[in-house]
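Reader: I have a new model open on my screen and would like to go through it with you. Could you show it here first, and then start with the terms you will be using?

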Amino acid sequence: MSVLAAITLSILAGAALSLAVAALLVFSARPAMVPTLVSYAIGALLGAVFLEILPHAFEVGAGDIEHLTLVILLGILLFFVLEKLVIWRHCHGDACEAHGVPVQHDHGRSGLMIMIGNTLHNLVDGVLIAAAFVADFQLGVVTSIAIIAHQIPQEAGDFVILLHSGYSRARALWVNGLSSLATLVGGLIGYFALSTMQQWVPTLLGLAAASMIYVAVADLIPGLHKRTELAATMNQVLLIGLGVFSIWFVGNVLGTHG
């Protein structure tokens with residue numbers, strides 16, 4: 001099997017497997033559990049950012065911390081502006097949470113932004129898989145398995161956010177699947193132009209981290225504060241911790257930070 005064929009096959013198989021497992025975990029839950037699972041999604045997002053994405057970004061960025069932190073700061077501001085644009089699009093004087101009337105979901109705002117960040121992250125994953133296969137076939141296989149494993153809890157969190165944001169199950173699956181194709185794009189770019197693409201990896205990872213931080217902190221965590229009773233708070237903290245732990249567990253068991 002050629003290197004290009006191995007890259008393509010591993011990425012497509014991995015995307016299908018991670019999506020299927022994550023969808024099975026989330027879609028089998030009762031609809032009433034989705035708001036509760038948002039706490040897990042927050043933990044998975046923050047765990048992915050601080051335990052996987054940023055450590056790798058600092059590693060491949062050759063210690064250029066100021067550049068990466070600037071990218072994250074500008075990224076957070078960018079997603080703030082993007083969310084404002086989405087709010088303006090959906091609010092025309094009717095019932096809208098921006099006008100003081102609560103609604104059941106956020107008109108897809110958090111779902112849109114998490115897909116932007118997830119697409120960037122998937123693009124980088126594709127570059128990493130290509131780089132591993134180019135270096136050594138066995139290393140490519142191990143890297144692919146590691147990336148598939150750490151994508152499952154993150155994809156599960158993404159599905160929860162999409163459902164919480166107002167997406168139907170079918171649309172959430174379709175959008176998440178479309179985002180996963182960015183991994184194949186990254187793999188092809190990585191194979192044909194690896195030296196050029198690697199220069200952009202820290203910036204892309206920084207933007208992906210910014211989107212996940214913004215969605216977790218600005219869109220999801222404020223909703224948890226609506227439940228102030230002690231039992232609900234303890235449940236939220238437990239599920240956030242479980243989300244963080246799932247990312248840590250997968251990364252440490254497989255010995256990867258990609």
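Author: Let me begin with one term: a charge is said to sit over a ring if NZ of Lys or CZ of Arg is within 6 Å of the ring centre and within 35 degrees of the ring normal. Please keep in mind throughout that this is a predicted model.

Reader: Fine, and which charged end sits over the ring of Tyr167?

Author: That is the charged end of Arg171, which is placed 4.3 Å from the centre of the Tyr167 ring.

Reader: Let me step back to the overall fold. How many helices and how many strands are there?

Author: The secondary structure consists of 9 helices and 0 strands, and reading along the sequence therefore gives the pattern α-α-α-α-α-α-α-α-α, with helices and strands taken as DSSP runs.

Reader: What share of the residues counts as buried?

Author: Of the 258 residues in the protein, 50% count as buried. As for contacts, if you take those with a separation of 6 or more, 83% of them are between residues 24 or more positions apart.

Reader: Can we look at helix H1 then? Where is Val21, and why does it count as partly exposed?

Author: Val21 is found in helix H1, and it counts as partly exposed because its relative accessible area is 28%, while partly exposed covers what lies between under 20% for buried and over 50% for exposed. In space, the C-alpha of Val21 is 8.2 Å from that of Ala156, although the two residues are 135 apart in sequence.

Reader: And Leu24, is that one buried or exposed?

Author: Leu24, which also lies in helix H1, is exposed because its relative accessible area is 61%. Leu24 and Ala156 are 132 residues apart in sequence, with 8.9 Å from C-alpha to C-alpha.

Reader: Which elements give two or more residues to the lining of the largest cavity?

Author: Those are helix H1 (3-27) and helix H5 (137-164). The lining includes Ser10, Ile11, Gly14, Ala15, Ser144, Ile147, Ile148 and Gln151, with Ile129 and Thr183 also among its residues.

Reader: What is the lining like by class?

Author: The lining of the largest cavity has 5 nonpolar, 5 polar and no charged residues.

Reader: Now the aromatics, please. How many aromatic pairs turn up?

Author: A search of the whole structure gives 5 aromatic pairs. One of them joins Tyr191 and Phe192 edge-to-face, with 4.9 Å centre to centre and 85° between the planes.

Reader: How accessible are Tyr191 and Phe192?

Author: Tyr191 counts as partly exposed because its relative accessibility is 32%, whereas Phe192, at 62%, counts as exposed.

Reader: Which residues do ring pairs link into a cluster?

Author: The cluster consists of Phe245, Trp248 and Phe249.

Methods. Residues are numbered from 1 along each chain as its sequence is written. This is a predicted model: local features need pLDDT of at least 70, side-chain atom pairs count only at pLDDT 80 or more; totals for chains, interfaces and linings use all residues. Side-chain values use heavy atoms; hydrogens and water are left out. On a 1 Å grid over the protein atoms alone, a cavity is a set of points where a 1.4 Å probe fits but cannot get out, and a pocket is an open set with protein on both sides within 12 Å along at least five of seven lines; lining residues have an atom within 4 Å of a point. Helices (H or I, at least four residues) and strands (E, at least two) are DSSP runs, numbered from the N terminus. Ala, Val, Leu, Ile, Met, Phe, Trp, Tyr, Cys and Pro count as nonpolar, Asp, Glu, Lys and Arg as charged, and the others, Gly among them, as polar. Rings of Phe, Tyr and Trp (its six-membered ring) pair if their centres lie within 6.5 Å; planes under 30 degrees apart count as stacked, over 60 as edge-to-face and the rest as tilted. Buried means under 20% relative accessible area, exposed over 50%, partly exposed in between (1.4 Å probe, protein chains only). Contact means heavy atoms within 4.5 Å.
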